[in-house]
Amino acid sequence: MTCQESPINRVSNVSNLKHLVLICICVFALASAAAAAEPVSLKASGNEKWYKGNLHTHSLWSDGDDYLEMIADWYKTHGYDFLSFTDHNVLSTSERWTVPEKNKGKLHAYQELKKRFPNWVEERKNKDGQIEVRLRTFKEVSEKLGEPGQYLLIQSEEVTDHFKNLPVHMNATNLHSLLTPLGGKSVYDVMQNNTNALLAQRERSGKSMMIHLNHPNFHYGVTAEDLMKVIGENFFEVYNGHPGVNNKGDETHASTDRIWDIILTKRLAELKLPVMYGLGTDDGHNYHKIPSRGSEPGRGWVVVLSKKLDAESLVDAMEAGRFYSSSGVKLKSVTYTDQGVQVEIEPEEGVEYITDFIGTLEGYPKTGTPVLDKRGLEVRATKHYSNKIGRRLKTVKGNSASYDFNGKEIYVRALVRSSKPHPNPAQIGEVERAWVQPVVGPAAPKQ
Ligand SMILES: [Zn+2]
Ligand SMILES: [Zn+2]
């Protein structure tokens, strides 16, 4: 176990924090796996199972187009073990009524709801004679559709903040109470302030909670340089299923995969900060025409190795790096030893797999150069860095792949690409993939 102190007093505008609080987040870092004598084997066995879930979901409580119970039912019937509701700046805890004619789901969503859950829908007429439907709360939906050990719903929020015109959205998972966006003096400051608020709530409640940065390339709001410095926030979305969030970047902006490699290199080798993990999520808003080019469920997810299907166990497991992210590829196991990394794929008939081991070796050039536009003016974008950051170190074809450390690695991660096209991708032309979480290599400075 490693233990990192995060001085909350870095943020003076967290109004409910009057004095310095030190929050200690003990993380079972895979960082120690490389040096550990004992290998870390992520594999279902005994009472440990892989649980598939989505950590990013919108409903009629904000700008999604379906009712919580319908969305929970979709994920339940599509093989998911857990689902986190993350509406914008709201928890579904109050009494709220909606007019089907006017809301995003329109009459179609209302009719489907009544068909699927007869004798469940509470309705009334408003003064204009329109039907109103009561939005069910998280608690009600959780009691209706959750099943202990089988299917779990998690109360969460998309803390929807910004700096000037740049969106800064962060998902807070397993919240006890609402986090109001705190703003800040820069994109980094916005992230750090909201992170500290989550950590303070976590401390007060004694419950495991986590916060992650959503879709950094949405309006290209967050750069690698912004995100790498945030303390106490060790997750970001390397794959978000919304078609408008630019996972792949463009000629000016780095892809989310590239952002990850820059962050990992700088955090481990220069900033003395822990690993950042990469998440796959849906960010679903549209539930009525699947597949189409809306923001739909079923595109990206996480698979967590846990002893129990409860929110705290899942958060603890993710903080320990005991998960992978996927847009279709299923893994059997990931093993980290002091020699290297091994990945075993759960193959699908007729599908081929290529695994890239990606990492940075010591001695890489540290300086990045700013991105300039055609007029030579600096663009707000992740800087250009040497290709020695996030190099492809080895490529392996087949259902299993391993990488042996040569002693110079700062970190290594694996990306598995399938020959199978994604059936409903965020961006056209994607194949199914799995993102294996990084391991700290033998050349990373000790923290
Ligand atoms: Zn968002
Ligand atoms: Zn969202």
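**Strand pairing, core and overall form of the predicted chain**

Tyr239 has Gly280 of strand S13 as its bridge partner. This pairing belongs to a predicted model, in which local features need pLDDT of at least 70 and side-chain atom pairs count only at pLDDT 80 or more, while totals for chains, interfaces and linings use all residues. Residues are numbered from 1 along each chain as its sequence is written, and chains are lettered from A, with ligands numbered from 1, in the order in which they are written.

Strand S12 (residues 235-240) and S13 run parallel and share 5 bridges; two strands pair if DSSP finds at least two bridges between them. Together with helix H6 (residues 256-271), S12 and S13 build a right-handed β-α-β unit (with the strands pointing away from the viewer, the path from the first strand over the helix to the second runs clockwise). Helices (H or I, at least four residues) and strands (E, at least two) are DSSP runs, numbered from the N terminus.

How buried is strand S13? For S13 (residues 277-281), 5 of the 5 residues are buried, so the strand is largely enclosed by the rest of the structure. Here buried requires 20 or more other C-beta atoms within 10 Å of a residue's own, exposed 12 or fewer, and partly exposed lies in between, with C-beta atoms placed from the backbone. In a regular strand, side chains alternate between the two faces of the sheet. On one side of S13 sit Tyr277, Leu279 and Thr281, on the other Gly278 and Gly280, and both faces are covered.

Turning to the core, the largest nonpolar one holds 107 residues, and Leu227 and Ile263 have the most contacts inside it. Such a core is a set of buried Ala, Val, Leu, Ile, Met, Phe, Trp, Tyr and Cys residues joined through C-beta atoms within 7 Å. Beyond its neighbours within four places in sequence, Leu227 is in contact (C-beta atoms, placed from the backbone, within 7 Å) with Met191, Leu213, Pro216, Val222, Phe236 and Ile263.

Elsewhere, 4 strands form an open antiparallel sheet in the order S3-S16-S17-S20. Strands S3 (40-43) and S20 (400-404) are its edges, each pairing on one side only. S3 and S16 (residues 331-336) are joined by 4 bridges, and Leu42 stands opposite Val334 in S16.

Overall, the chain comprises 7 helices and 22 strands. Its radius of gyration (over C-alpha atoms) is 22 Å, close to the 22 Å that the globule rule (2.2 Å times the number of residues to the power 0.38) gives for 447 residues, so the chain is as compact as a globular protein of that length. Buried residues account for 48% of the 447.

Key:
Two residues are in contact if their C-beta atoms, placed from the backbone, lie within 7 Å.
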